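I opened this notebook to record what I looked up in one structure.

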Amino acid sequence: MAVTEQLFQHDAYLRRCETQVVELLPEGVVLDSTVFYPLGGGQPGDTGVLRAHDGREWRVVGARKGEGGRVVHPLAGDLPPPAVGEQVEAIIDWDRRHAHMRMHSCLHLLGSVLRYGVTGGQITAEKSRLDFDTQEEIDPVRVTDAVNALIAADHQLRSSWITDEELDRQPELIRTMSVQPPRGAGRIRLLEIPGVDLQPCGGTHVASTGEIGPVAVTKVENKGRHNRRVYIAFA
Ligand SMILES: [Zn+2]
């Protein structure tokens with residue numbers, strides 16, 4: 001089965017890898033292993049290129065999850081895709097991905113400052129938002145200061161793995177109501193910022209919070225009785 005080894009789960013700082021085409025689908029190319037993060041958990045799929053040894057190059061317009069653990073790489077342009085079995089170099093657009101890593105890590109801090117249930121979220125390279133299940137008023141200045149204090153403290157981020165059964169015994173770990181952690185693979189990745197946050201998360205993160213840089217809450221929207229939408233951007 002064409003399960004793709006997802007190298008970013010173990011090292012989010014990998015920008016490229018040598019890999020092999022294992023399957024061609026109408027929607028894109030499946031690789032044996034990849035550095036491309038597929039759209040999920042509010043984080044966009046990576047863009048970049050696939051490069052063959054003879055110089056042919058394809059633009060990857062946003063990796064997606066396929067069935068059965070596949071990562072699908074949709075290609076732009078008219079060039080015929082690489083052949084099954086062909087060796088290619090997979091290279092992500094690093095500046096965009098690094099911004100996603102910074103933003104994504106920042107949302108963990110935002111969620112630790114506002115300890116309400118999370119009902120949704122969206123990450124881009126410029127700004128992000130989280131939706132909270134609360135009726136309380138949220139002060140953007142206070143939240144900005146609290147998140148920037150956590151960034152300035154340069155906390156480490158660590159990942160570890162637990163089994164589905166271990167997670168079932170600790171339901172309090174799941175704070176995101178709309179995005180359940182992916183199950184069925186037998187194990188789930190936990191993201192921990194010691195003393196700050198601990199939750200299941202399959203996204204890509206920076207090594208320590210100082211790398212995020214200063215941020216600001218730009219807007220708080222009232223989206224109904226149980227929903228406060230908080231926007232945050234790089235300052
Ligand atoms: Zn995360």
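**Entry 1: Conventions.** I worked with a predicted model, in which local features need pLDDT of at least 70 and side-chain atom pairs count only at pLDDT 80 or more, while totals for chains, interfaces and linings use all residues. I number residues from 1 along each chain as its sequence is written.

**Entry 2: Domains.** I looked up the domain assignment of the protein chain, which gives domain 1 (15-92) and domain 2 (97-234); such bounds come from an automatic or database domain assignment. I found their C-alpha centres 28 Å apart. The contact between them takes nine residues from domain 1 and 13 residues from domain 2, two residues being in contact if their C-beta atoms, placed from the backbone, lie within 7 Å.

**Entry 3: Sheet.** I took strands (E, at least two residues) and helices (H or I, at least four) as DSSP runs numbered from the N terminus; two strands pair if DSSP finds at least two bridges between them. I traced an open, antiparallel sheet of eight strands in the order 7-8-3-2-10-5-6-9. Its edges are strand 7 (64-65) and strand 9 (75-76), each pairing on one side only. Strand 2 (residues 16-25) and strand 3 (residues 28-31) are joined by four bridges in the antiparallel sense. I noted that Leu24 has Val29 in strand 3 as its bridge partner.

**Entry 4: Core.** I define a nonpolar core as a set of buried Ala, Val, Leu, Ile, Met, Phe, Trp, Tyr and Cys residues joined through C-beta atoms within 7 Å. A residue is buried if 20 or more other C-beta atoms lie within 10 Å of its own, exposed if 12 or fewer, and partly exposed in between, with C-beta atoms placed from the backbone. The largest such core has 41 residues, and Phe36, Ala90, Cys106, Leu110, Val147 and Val230 have the most contacts inside it. Helix 1 (residues 94-113) gives the most to this core, with six residues. Domain 1 (15-92) and domain 2 (97-234) both contribute, so the core lies between them. Beyond its neighbours within four places in sequence, Leu110 contacts Leu130, Val147, Val230 and Ile232.

**Entry 5: Helix 2.** Which residues of helix 2 are buried? I listed Val143, Val147, Asn148, Leu150 and Ile151. The face turned away from the buried side carries the exposed residues Val141, Arg142, Ala149 and Ala152. Asp154, which follows helix 2, has a positive phi near 50°.
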